[in-house]
Amino acid sequence: MAQAAQEVGLAPTGVIAPVDGAPPIPAPVTIVPVKGLPIVAVVIAGMIVAIATNQIWALDFYHVVGGGLWTGIDLFVGLIVGPIIGSMPVPARVEFSKRFMPKMVLIMPTLVTMTLGAGWQLARHLGNLDAGYPHHGWLVASYIVVGVMAVIALGLLEPANLAVLFELRKERPNGLLIEKLMRVFIYTAGVTGLMQVATLVIMTKLATG
Amino acid sequence: MSVAPGIAADGPPAGAEPDHAGGSPSLSQLAGRPLPPVQQLATATLALVVAGGIYLAAHLPRHPPLGPAVALLGLAGLLLLGNALALSRVRDFAWGKFRLVAGWALLAYLVIAGMLEYVFVYDGTRGGTLVVLTLMLAIFALDIPLLLGFSVARFQPPGE
C-alpha cells in the first residue's frame, strides 16, 4: 500500500507529493464526505421504520446503539483526543482536522438523530413521557442535559468545525485562525463529554428504575 | 515556526499558549472587520427555543399553560428578526459563501424540523401546543442556517 502510494506520488499522510522534490500540495479538503451519505440514509430510513412500526426491540436498538456511540465518542473526543490535539503543533492539528472533521460532520448528527428520535418514541410507547411516571423528573433532567448539549454543539462546536473546513480549503489557510477555531472545538467537545457523564447517570437510573 | 505546506505562518509558535497575557487576536479580530454579534444572538435564540421545547416536552402528552412557552417563542422570534436585520445591513461580507452554507443548512434543517413536526403530530399533539411547537421549529430551522452561514462567511474574503 505504502509502496503503491509512493509510486503515484502520494505521501502516507494523504498529501500529494510530486516526485521532483517540489513542495507537497495539500490534498483538497472535503466538507461533507459524499460517500458516507448512503450509509446515513440507510440508518435514518431504518430509524423511521422503527418509529413507524413501533417495534420495541428496534426502537431500543436504535436508542441504545446511537446513545452508546454518541456518549462514547463525545467522552473519547472531549477527554482523550481533544487534549492530545491541543498539545500537538499547529501543522499536525491541521492535518488531523482535515481527516477528522469531515467525518464528524456526518457521524454526530446521525447518532444524535438516532438516539433522540428512537428514544423519544420508546419513552412514549413505554409511557415514560407521562407526568405520572415515577421517574419523570429524571426524564426532564435528561431533556435539560440534551438541550444544553444541543445549544453548545449547534451554537459553538459545529460552527467552529465548518469554519475550519472552509479555512482549510483556502490557498493559504490562516494557521492562527485554525488554531483558535480548533480550540473552540476542543473545549466544547470537552464540555459536552463531561455532560455525557450526567446522561449516563440519568439513563442508567431510568433503565433500572 | 514550522507550518504545514500552504498554511500562512501567522500563528504562534508550535506548542505555545497563544491566549495568555497580551494574547493573540480574538476570533472577531481575525474576521478582519467589525461585524454584528450574529453568533451570540443566534446561540441565544437557539437557547430560548430549546428552553421552550423542553418546557412543552416536560408536560406532554398533557396541554401545559402556554404563557411561558409563548414568551420564550416571542423573545426568540424577536432575536432572530433583529439578528437577520443586523446582518442584512453588513455590506463588506462574503455573501456568496453565506448563501452557499446557509442554503444547504436550511435544506438540512427543514428536513429535521419536518421530521420533528411529523413526530409531534403523529404523537397526537394538537391545538395551541402544536402551534407553539411548530413556530419554535420554524425559528430553529431558520436560526441554525443563519448561524452556520455567518460562521463560515465571516472568515472569507468579502465578495466571495
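Chain A has 6 helices and 0 strands, where a helix is a DSSP run of H or I with at least four residues, a strand is a run of E with at least two, and both are numbered from the N terminus. Read from the N terminus, its elements go α-α-α-α-α-α. What you are looking at is a predicted model, in which local features need pLDDT of at least 70, side-chain atom pairs count only at pLDDT 80 or more, and totals for chains, interfaces and linings use all residues. Residues are numbered from 1 along each chain as its sequence is written, while chains are lettered from A and ligands numbered from 1 in the order in which they are written.

Let's stay with chain A for a moment. Of its 209 residues, 36% are buried (20 or more other C-beta atoms within 10 Å of a residue's own; 12 or fewer is exposed, in between is partly exposed, with C-beta atoms placed from the backbone). Contacts (C-beta atoms, placed from the backbone, within 7 Å) with a separation of 6 or more come to 76% from residues 24 or more positions apart.

Now for a pair of helices in chain A. The axes of α3(A), residues 56-86, and α4(A), residues 90-126, come within 7 Å and cross at roughly 145°; axes are lines fitted to C-alpha atoms, for helices over the stretch in contact, and angles run from 0 to 180 degrees between N-to-C directions. Among the residues that meet here are A:Trp70 in α3(A) and A:Phe96 in α4(A).

| Helix of chain B | Residues | Mean pLDDT |
|---|---|---|
| α1, lowest | 27-30 | 66 |
| α3, highest | 67-88 | 96 |

Over residues 1-5 of chain B the pLDDT is below 50, and it also stays under 50 over residues 9-22. For the model overall, ipTM is 0.81 and pTM is 0.80.

Helix α5(B), residues 127-153, spans 40 Å from first C-alpha to last, close to the expected 39 Å (1.5 Å times one less than its number of residues). Because 19 of its 27 residues are buried, α5(B) is largely enclosed by the rest of the structure.

Finally, take B:Gly52, which sits in helix α2(B), residues 38-59. B:Gly52 counts as buried because it has 26 C-beta neighbours inside 10 Å. Beyond four places in sequence, its contacts are B:Ala69, B:Leu72, B:Leu73 and B:Met136. B:Ala69 lies 17 residues from B:Gly52 in sequence and 5.0 Å away in space, C-alpha to C-alpha.

How values were computed. Contact = placed C-beta atoms within 7 Å. pLDDT = per-residue confidence, 0-100.
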